[in-house]
Amino acid sequence: MLSIIVCIKQVPDTQKAVFDPKTGAIDRKSTDNIMNPDDLHALEMALSIRDRYGARVTAITMGPPQADDVLSEAYALGADECVLVSDPRFAGSDSLITTRVLSRAILRLGAFDLVITGCEAIDGNTAHVGYQLSEFLSMPLITQIHEFMIDGNHAIIERLYGHEYQKIRVSLPLLLSMGKNSNRVRIPRLVDIKECGEKPISLMTLNDIGGEPGEYGAAGSPTVVIKTEIFSHTRGRAVLEGGIEEKVDAIVHMLKKQNILRF
Amino acid sequence: MDLSLSKSQLMIRKNMRKFASEVLDEWAGVLDRDSTPLPADVVREMGRLNIWGIQAPAEIGGAGLDTVSYSIVIEEISRVSAAVGLGVTVHNSVCLAPLLAFGTPEQIARYGPDLATGKKIGGFTVTEPQAGSDASSIQTRAVPDGDHYVLNGQKAFVTNGGVGDLFLVAASVDPAKKSKGIAIFIVEKSMEGFEVGKIEDMMGMRGNMVSELFFSNVIIPRENVLGRPEDGFRISMKTLDIGRIGIASQALGIGTAAYEAAATYAMERKQFDRPIGTFQAVSFMLADMKTHLDASRLLIYRAADLKDRGMPYSTESAMCKLYASSTAMQVCMQALQIFGGYGYVKDLPVERFFRDAKITEIYEGTSEVMKIIIGNDIIREFNRF
Ligand SMILES: Cc1cc2nc3c(=O)[nH]c(=O)nc-3n(C[C@H](O)[C@H](O)[C@H](O)COP(=O)(O)OP(=O)(O)OC[C@H]3O[C@@H](n4cnc5c(N)ncnc54)[C@H](O)[C@@H]3O)c2cc1C
């Protein structure tokens with residue numbers, strides 16, 4: 001049976017969030033924590049592969065203890081097993097160190113065929129971890145997946161490639177990165193929502209994944225955040241006058257001026 | 001005292017909202033316009049999600065949820081389609097719930113799983129052309145005959161009538177005993193002599209196939225009596241206590257939809273160079289709407305919580321239904337006012353909310369009947385002389 005590992009992250013719902021104008025940080029009280037939207041697509045991908053081929057789906061998250069909420073949600077959606085990787089010594093890890101933690105934890109989980117991640121998280125928007133993970137785990141990374149099939153110990157994948165589709169055959173294990181709109185995430189059954197909070201979540205700490213404390217957390221992280229700024233855009237409204245030709249010219253001119261149209 | 005929802009209740013709200021917006025939203029207007037029922041594949045999908053067995057135990061295919069969660073499901077569905085909310089609440093709370101509460105193990109094994117998974121849709125029918133608020137005056141007769149009863153009569157305004165497979169039917173087995181002579185029968189649509197009459201052409205709730213039902217010499221096996229034959233009226237009243245929490249939640253859903261539409265519109269619509277929502281006349285309306293809706297919600301959760309804790313909740317259920325339904329009506333009227341002329345045309349759903357809201361003050365006991373129930377309780381408490 002296929003073994004699939006899905007990496008998920010708990011993030012503040014940035015659509016609702018209020019930012020502190022001085023520090024640029026999110027006011028945590030202003031918003032709820034949710035499962036990162038792209039990660040829902042990653043989990044849906046894993047579940048749909050399981051529906052078709054049979055698989056064991058393990059959801060894994062690195063985060064503080066309360067991140068187990070997203071694992072409960074993963075159980076509600078249908079994950080078979082959930083793992084929380086959590087240790088106070090991981091606090092302050094940047095995307096590189098997060099990848100180190102996740103890769104070491106994943107290797108402790110035993111043999112696997114697929115690792116699936118979301119493309120990016122809506123809090124940091126770095127889109128680093130999935131890509132780095134494929135390096136750390138030395139396996140191919142496939143993005144922009146349109147269709148996925150298993151053929152023995154290979155995957156046959158149709159992916160969006162610029163303006164065309166590319167069909168590829170690639171050996172397992174491999175890493176898939178899922179972006180928004182890549183699939184339609186299922187709605188859990190009410191009974192699974194009711195029962196998800198009671199399912200056991202395994203915990204992995206620094207001691208379980210090995211390594212020295214100095215390799216982790218803020219201490220191990222090369223990234224330094226110098227400043228966070230808040231950007232806001234307001235929608236403008238422009239009413240174009242004249243005949244259709246003039247209006248089209250005006251639109252093209254505006255788009256070029258804003259560097260949206262470049263030819 | 002903790003008035004916050006549990007993690008699981010919040011997750012239920014989030015996912016039911018997602019279901020309603022992703023699946024029901026495209027149907028809500030169509031069902032209303034054409035007065036047609038939900039397509040079978042949507043009914044099936046609702047079965048997969050446990051929406052036809054919200055509080056039924058997991059062993060028979062339900063979700064086994066508490067009553068606050070139940071209310072949340074009905075509210076979220078009704079926010080998008082009150083007509084679908086009606087079908088769901090009636091099926092769950094006045095058909096499946098009494099079957100589970102008063103049925104024999106054999107009856108539950110026979111009918112429970114199909115109802116809880118939505119393979120069969122259920123209803124509950126007391127009302128007759130001559131018997132509305134005075135439910136004890138029903139004339140449908142069930143005459144005992146050996147190992148069965150022979151059922152004859154006519155029912156009016158049967159929710160799910162046109163689509164249902166199984167109905168709990170109140171009938172008199174002994175007219176001399178009035179309400180003590182009423183029994184509840186489990187009647188299947190497939191039984192000989194069962195006939196669906198006219199589907200009502202209604203002001204609102206047009207997506208529910210509310211209909212007449214006719215029974216002519218329907219043979220009902222004795223094992224299809226729910227509870228004891230003399231307990232039918234008591235079972236009906238207890239059933240309506242549960243049902244009213246559902247109707248109140250439906251009213252809350254309709255009101256909330258109207259309020260949110262109105263608040264959004266009031267901030268977008270400009271007259272005299274400012275959003276109309278910034279005029280005190282409009283913001284005061286919105287303030288009233290929000291406050292009454294929140295009060296409805298709290299009354300509903302109180303009744304639901306009492307029920308879950310096994311405490312008496314009949315009066316509280318009547319209170320939440322009375323308040324939530326009149327709030328829904330008031331809120332829809334104000335929402336329509338805020339939309340001005342646009343509220344009056346069918347391009348927007350506000351006029352549908354308005355039409356749907358009215359019936360919540362009528363079915364499962366009118367507002368006047370709710371006051372009779374609450375008033376009787378007050379009389380019991382204070383009239384000691
Ligand atoms: C869409 C819809 C769905 C329905 N679904 C069902 C269903 O599934 N099953 C079912 O059994 N029934 C159903 N009903 C029937 C509904 O429950 C009744 O319409 C309701 O109980 C009122 O009865 P009535 O219409 O005969 O009005 P009446 O009882 O005739 O009442 C008329 C008016 O008189 C008032 N009144 C009556 N008696 C008193 C009193 N003692 N004191 C003060 N005022 C009083 C009422 O409050 C009301 O204002 C449905 C009705 C509709 C419209």
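This report describes strand pairing, domain contacts and the chain interface in a predicted model.

## Basis of the description

Residues are numbered from 1 along each chain as its sequence is written, and chains are lettered from A and ligands numbered from 1 in the order in which they are written. Because the model is predicted, local features need pLDDT of at least 70 and side-chain atom pairs count only at pLDDT 80 or more, while totals for chains, interfaces and linings use all residues; side-chain values use heavy atoms, with hydrogens and water left out.

## A sheet in chain A

Chain A holds an open sheet of 3 strands in the order S10-S11-S12, with antiparallel pairing, where strands are DSSP runs of E of at least two residues, numbered from the N terminus, and helices are runs of H or I of at least four. Two strands count as paired if DSSP finds at least two bridges between them. Strand S10 (145-151) and strand S12 (164-171) of chain A are the edge strands, each pairing on one side only. From one strand to the next the twist averages 20°, with axes taken as lines fitted to C-alpha atoms (for helices over the stretch in contact) and angles running from 0 to 180 degrees between N-to-C directions.

Strand S11 (residues 154-161) of chain A pairs with S12(A) in the antiparallel sense over 8 bridges, and A:Leu160 stands opposite A:Tyr165 in S12(A).

## Strand pairing in chain B

In chain B, strand S2 (residues 141-145) and strand S3 (residues 148-158) pair in the antiparallel sense over 5 bridges, and the bridge partner of B:Pro144 in S3(B) is B:Tyr149. S2(B) and S3(B) form a hairpin with 2 residues between them, and B:Gly146 in the turn has a positive phi of about 65°.

S3(B) is also joined by 8 bridges to strand S7 (residues 211-221) of chain B, the two running antiparallel; here B:Leu151 has B:Val218 in S7(B) as its bridge partner.

## Domains 1 and 2 of chain B

Chain B is divided into domain 1 (7-121), domain 2 (123-230) and domain 3 (233-382), with bounds that come from an automatic or database domain assignment. The C-alpha centres of domain 1 of chain B and domain 2 of chain B lie 22 Å apart, and their contact (heavy atoms within 4.5 Å) takes 25 residues from domain 1 of chain B and 21 residues from domain 2 of chain B. Between them these domains bury about 2100 Å², 63% of it on carbon and sulfur atoms; buried area is the accessible area (1.4 Å probe) that two parts lose on being put together, summed over both.

Across this interface the rule finds 1 salt bridge, defined as a side-chain nitrogen of Lys or Arg within 4 Å of a carboxyl oxygen of Asp or Glu. The side chains of B:Arg110 and B:Glu188 meet in a salt bridge (3.6 Å, N to O).

## The interface of chains A and B

Between the chains, 15 residues of chain A are in contact with 22 residues of chain B, and the area buried is about 1600 Å², of which carbon and sulfur atoms give 61%. In chain A, A:Ile187, A:Leu190 and A:Ile193 lose the most area to chain B, together 45% of what that side buries.

The count between chain A and chain B is 3 salt bridges; B:Lys7 and A:Asp69 meet through their side chains in a salt bridge (2.8 Å, N to O). Helix H2 (68-77) and helix H5 (190-196) of chain A are the elements that give two or more residues to the side of chain A that touches chain B, and the largest share, 6 residues, comes from H5(A).
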